[in-house]
Each structure stands twice: as C-alpha cells, then as structure tokens.
Amino acid sequence: MSHPSPTAAASKVVLITGASSGIGEATALALAAAGHHVVLGARRTDRLAVLAKDIEAQGGSALPLSLDVTDPADVRSFVAAAHDRYGRVDVLVNNAGVMPLSRLDALRVDEWNLMIDVNLRGVLHGIAAVLPVMREQGHGHIVNLSSVSGLRVDPTSAVYSATKYAVRALSEGLRQESRELRVTVISPGLTRSELTGSIGDSGVRDAVREQMDIAIPATAIGAAVRYAIDQPDDVDVNEIVVRPTAQG
Ligand code: NDP
C-alpha cells in the first residue's frame, strides 16, 4: 500500500474507537492510506501499537491510545489527548461494539447489559466527548456503526438489534439538531472480524459462524467510511448499508 502525502486541506484528524481488530482496524488502514491522521482507541493496546507501527512504516500517521468506551471519563481523555496532539478533532468513528447474541429466554442479563454499555452508552460517551470540541470548531463529523441488525430483528438478536436501532435513532436526532456537523450511520451486513468471539452461547456462536461463510472483508466497510468522510463539507452522507451480495 502506498500513502500519498497528506495535504493541509484534505488531511483530517479521525478518531476511531475499537481500532484493534476487524472493521476499526480496516478503517484505520484505509483512512491512513488516504492521508488522514488516525487516532486509534481500544483496550488491547498491544494490537494498537502494532497497527500504528504498520501505518507509520507505510508513511501514514497514527496515534494509539488506550480506551474503554464504557467509561465516560476515559472517552473524554481519549478525545482530549487527540485534541492536544493535533489541535482539532475532525471526525469520530464510533465503531467499538460487542455482539453476544442469545435468545431472551436464555436470560444472559450480564451480556444484555454489556451490549448496552458498549454499543449504546459507548456511542453516547463518544458523542458527549466530541460535541463541545466540534461546536467550538464550527465543524465535525460523527460516524456511527450500526448494523443490518439495526434495520431488522432476528431470533437471538433482540438486545443487539435494540442497541443498533438505538444508534440509528440517536444519529438521526443528532443530525437534525446539528447544522454544522455531519452525521453518518454505517450499517454493515455479515463482515469478517472477531465479532463472533463475543458470543457466549456456544450453540448460537456455531450457528452464526456458519453464516459467516458469505461474509465480506472488513476493508469493504473501511471503504464506506472513507467515502463518507471524503465528501465535500456541505455533503452529509447520512446512511450507508453494505451487505454481502449473497446475504438475504
Ligand atoms: P471486532 O470484534 O473485530 O471489533 C470490535 C472492536 O471493539 C475491537 O477493536 C474491540 O477492541 C472494541 N471494543 C469492544 N469493547 C470495547 C470497549 N469497552 N472499549 C473500547 N473498545 C472496545 O468486531 P467488528 O469489527 O465486526 O465490529 C465493529 C463494529 O461493527 C461493531 O460496532 C459491530 O457491532 C459492527 N458490525 C459488525 C458486523 C460484522 O458482521 N462484523 C455487522 C454489523 C455491524 P478491544 O477488545 O481491544 O477493546
């Protein structure tokens, strides 16, 4: 991969949550290759350090930072560190997520709460941390990862879908309230990543992994994020759905 040198006008400071694997990692690579400065957040900082090294070895710019999106103070520190380093925050990609699917009558209440904490509260913590900065700047772009499960509900997806429907709802509210900010929802279908590793119910995990035969690479989602970010400032791409061609 060759990296064009960033230009002042086109090079953005892009914060990505959950950058240590899957879609977040692929998005970081795509955006760094396009000349953007990427700020990488996740709990597995060893993974982030390797990714940042790879990006810099290819001529890109990356700042790896420890981040737990369930902790609002941690998310504020993540944004503050990026702002201190670059003097602005152009884009936040709220990507961190977990998907411990199960039937409601399995009563895996701790997993329900984890999905709410990461997939919903985590996104809200990100919005809360960047909104004051973006309002002060007079510009900004928030990209939220929902899912095809934010457009339909299937058995075992009730709580996961609830969090992803919620991400679409709050993104639409944010869009309507913000005339200076761009708001994008990306809804992937089956995509290759480590996400099925968060499924604690082994029967459900095996069934979902079988469906993953048709999954598309995470680079397909990274390209969609890049498309939304690289539009002119007065063009807000509000929703993108990207599924495998073979997905029903
Ligand atoms: P991965 O499991 O590969 O990546 C999830 C990322 O989230 C990891 O980097 C993980 O990092 C991070 N994460 C989890 N919990 C936290 C936390 N508390 N704080 C900070 N980071 C956290 O899965 P995907 O790449 O597939 O998932 C990315 C997003 O895409 C999710 O929101 C997911 O719901 C969504 N999505 C995925 C689809 C798919 O088929 N793969 C389909 C539709 C939507 P770490 O553990 O190091 O903290």
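**Entry 1: Asn-119 and its surroundings**

I began with the contacts of Asn-119 in this predicted model, and, leaving aside neighbours within four places in sequence, I found Asn-119 in contact with Ala-96, Gly-97, Val-98, Leu-114, Tyr-160, Thr-163, Lys-164 and Val-167. The residue lies in helix 4. Is Asn-119 buried or exposed? I noted that Asn-119 counts as buried, because its relative accessibility is 1%, and the cut-off for buried is under 20%.

I then looked up what the side chain of Asn-119 meets. A polar atom of that side chain lies 2.9 Å from the backbone oxygen of Val-98, and the side chain also makes a polar contact, at 3.3 Å, with the side chain of Thr-163.

Next I traced the strands, and I recorded an open sheet of seven strands in the order 3-2-1-4-5-6-7, with parallel pairing. Strand 3 and strand 7 (239-242) are the edge strands, each of them pairing on one side only. From one strand to the next, the twist averages 15 degrees.

Within the sheet I followed strand 1, which runs parallel to strand 4 (residues 91-94) and is joined to strand 4 by three bridges. Opposite Ile-16 I found Val-93, in strand 4.

**Entry 2: helices against the sheet**

Helix 2 (residues 45-57) lies across strand 2 (37-42) and strand 3, and runs at about 175 degrees to strand 3.

**Entry 3: the nonpolar cores**

Which residues touch the most other members of the largest nonpolar core? In that core of 39 residues I noted Leu-15, Val-39 and Val-79. The elements giving two or more residues to this core are strand 1 (13-17), strand 3 (61-66), helix 3 (72-86), helix 4 (109-137), helix 5 (158-177), strand 6 (181-188) and helix 6 (202-211). Helix 4 gives the most, with ten residues, and this is the helix in which I had placed Asn-119.

Note on methods:
Residues are numbered from 1 along each chain as its sequence is written. This is a predicted model: local features need pLDDT of at least 70, side-chain atom pairs count only at pLDDT 80 or more; totals for chains, interfaces and linings use all residues. Side-chain values use heavy atoms; hydrogens and water are left out. A nonpolar core is a set of buried Ala, Val, Leu, Ile, Met, Phe, Trp, Tyr and Cys residues joined through side-chain atoms within 4.5 Å. Buried means under 20% relative accessible area, exposed over 50%, partly exposed in between (1.4 Å probe, protein chains only). Helices (H or I, at least four residues) and strands (E, at least two) are DSSP runs, numbered from the N terminus. Two strands pair if DSSP finds at least two bridges between them. Axes are lines fitted to C-alpha atoms, for helices over the stretch in contact, and angles run from 0 to 180 degrees between N-to-C directions. Contact means heavy atoms within 4.5 Å. A polar contact is a pair of N or O atoms within 3.5 Å; within protein, one must be able to donate a hydrogen and the other to accept it, and residues adjacent in sequence count only if both atoms are side-chain atoms.
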